[in-house]
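Subject: Structure for you to look at

Hello,

Here is the structure I promised to pass on. Please open it first, then read my notes below with the model on screen.

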Amino acid sequence: MAAVKEFRSWPRLNRWLLLTLPLVAASVLGQIPEGGSFGSAVGVLVVDGARRPLAYTLTAQGTVVALEPIVAQLGGQLTVGPLQLSHSLDLYGERVILGPDSAVITLGERIVPLSRQPLAGIDGLLEVPLDFLEKTYGAFLGYDFRWSAASGTLTVERARRRLLAVELDMVQIAATTTLVLQFSERPRYRVAEAADTMDIVVLGDTLELAGRMPRADSLVQGVEVTQDRVRVRLAPGVEATEPYLLSRGSRTQLVIDLTRRQATAPRRALDFAGRDFSGFKIVLDPGHGGAESGAVGRRGSLEKDLTLELATALKRRLEASMPVRVILTRDADGSLDHDTRTAIANQNRADLFISLHLNSEPGGDGAQGAETYFLDQRPSDPRAAMSAEFENRGRSARDAENGDLELMLWDLAQSRHLAGSQRLANLVQEQLNLTLGLKNRGVKQAPFRVLIGATMPAILVELGFVSNDGEEARLLDPAYRLALVDALVEAVVRYRSSTADAEVGSVTRAPQGQRP
């Protein structure tokens, strides 16, 4: 500690040179590997004029700072998971999950990339990049962060409280009502849902209604604007999609689509009494995204768009059907590599990983129906090999170079989840065939890159062929997509019920010679 105090007494320029020049030299000479670090020190955290110690580390990808003292000053609750592999930060109703081995965080139900992965720093305390603070405390609570590399000082200031003008517009087309909230500046907000209401709660700002209030219609009973929220009162039986932001010049629009819940066949009631299944987590992966559109139908439908719609609806249906938390690997049209998708599932300690895709066959309308896959380095048939080759496009050079060895290692690692993956795949395929009368193309095995690395039962579902005119038309029908979603929900509910019974049995009926 004496050495640290002596170091802090040096002139600022000397300290900056000592920490940064070796880093620059090592970077030029190629001696710092990607993700490497150099130069840990104790700087200063300044909040409301008060100064406190703050550990930080210089890395080749930028500065990382200790998270714990920042949480202590700005609020929130930081929980360290087993082996310090996963951390949870609760920010006044919003949960952030992060870890030292992943450059993405789960923020509420959204997946947010960081400039670099957090780092286990001094005394094992987690250190985070500065954009983590901006995307959490900044986005939710309006804090501004200024980092001075020369003095090793992080200054935190609460942003000014803005007066946001909001204009409302609502239009009903066919069976869907679209509500558009246009803000004068990009809002910081969260969504709070209750029975027949949806609140868009702004954080750290004040709302002011501009223009007229839209009239109620058959789906929306009314809209109210107060200083801190927009409340949408829904007609009975109406559900809202997850709001999404659109930029229109200097203004930002928040768009919400509302539809009536589709009637579904009654499901077998599950007895969750006396059991705590609330920790059960599922990660849903909408295939493709960004520049990688996936399969393209003759009518112009894109796989990346349809899989996102299906995954979003499936998330809502699953959470309404059973005690479960569902996380999407992406909730917008953005690029995400294969490794990151399974890393998100591992980081969130998911119990299931389901990747949703749509199929395509060159040359015509012959192929139709659904296929469900689990991981194996040996494709079950030539068609399975072709599907895996198509879905694995976009692999990096490193993937291509090390792919066979890595696949073999992960195939061995996945073997402990083989029974679970196969059982889930069979249930999904059976339910799709039974509910929708789809052609049974069977459960198959293939080396899908997106399944490699998953440390839980994992499957990939091809929900139809967009290359088939008739099937593409059905996939573009919201009612048909909802039927697909309900079939998947039923399969997951059946899977969870069977594993829950097994878990209870493993506790109450220990094998002879073993302790319960």
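Start at leucine 234. Leucine 234 counts as buried, because its relative accessibility is 6% and the cut-off for buried is under 20%. This residue is part of strand 19, which covers residues 229-234. One caution before going further: this is a predicted model.

What does leucine 234 touch beyond its neighbours within four places in sequence? The contacts are Asp196, Leu219, Gln221 and Leu258.

Next, strands 6 and 7. Strand 6 (residues 94-98) pairs with strand 7 in the antiparallel sense, over 2 bridges. Valine 96 has leucine 107 of strand 7 as its bridge partner. Strand 7 spans residues 104-107. Look at which way its residues point. Val104 and Thr106 point one way, Ile105 and Leu107 the other. Are these residues buried or exposed? All are buried.

On to the aromatic residues. The structure holds 2 aromatic pairs. Tyrosine 56 and tryptophan 147 make an edge-to-face pair, with 5.0 Å centre to centre and 70° between the planes. This pair links distant parts of the chain. Tyrosine 56 is in strand 2 (residues 50-59) and tryptophan 147 is in strand 11 (residues 143-148), 91 residues apart. The partners have their own accessibility classes. Tyrosine 56 is buried, because its relative accessible area is 4%. Tryptophan 147 is partly exposed, because its relative accessible area is 21%.

Another edge-to-face pair is formed by tyrosine 137 and tyrosine 143, at 6.4 Å centre to centre and with 70° between the planes. Both tyrosine 137 and tyrosine 143 are buried.

A charge over a ring also turned up. The charged end of arginine 474 sits over the ring of tyrosine 480, 5.9 Å from the ring centre.

Two residues have positive phi values, and neither is a glycine. Aspartate 48 has a phi of about 55°. It lies in the loop between strand 1 (37-47) and strand 2. Aspartate 48 counts as exposed, because its relative accessibility is 78%. Arginine 349 has a phi near 50°. Its place is the loop between helix 6 (338-347) and strand 25 (352-359). Arginine 349 counts as partly exposed, because its relative accessibility is 40%.

Then the chain as a whole. How many helices and strands does the chain have? There are 11 helices and 28 strands. Of the 516 residues, 49% are buried. Among contacts with a separation of 6 or more, 65% are between residues 24 or more positions apart.

Last, confidence. The mean pLDDT of the chain is 76, and 72% of the residues reach 70 or more. Over residues 1-35 the pLDDT is below 50, and this stretch has 42 contacts in the model beyond near neighbours in sequence. Residues 264-277 also stay under 50. For that stretch the model has 20 contacts beyond four places in sequence.

Best wishes

Conventions. Residues numbered from 1 in each chain as written. Predicted model: local features only at pLDDT ≥ 70, side-chain atom pairs only at ≥ 80, totals over all residues. Heavy atoms only, no water. Buried < 20%, exposed > 50% of the residue type's maximum accessible area, 1.4 Å probe, protein only. Helix = DSSP H or I, 4+ residues; strand = E, 2+ residues; numbered from the N terminus. Pairing = 2+ DSSP bridges. Contact = heavy atoms within 4.5 Å. Phe/Tyr/Trp six-rings, centres within 6.5 Å; stacked < 30°, edge-to-face > 60°. Lys NZ or Arg CZ within 6 Å of the ring centre and 35° of its normal. pLDDT = per-residue confidence, 0-100.
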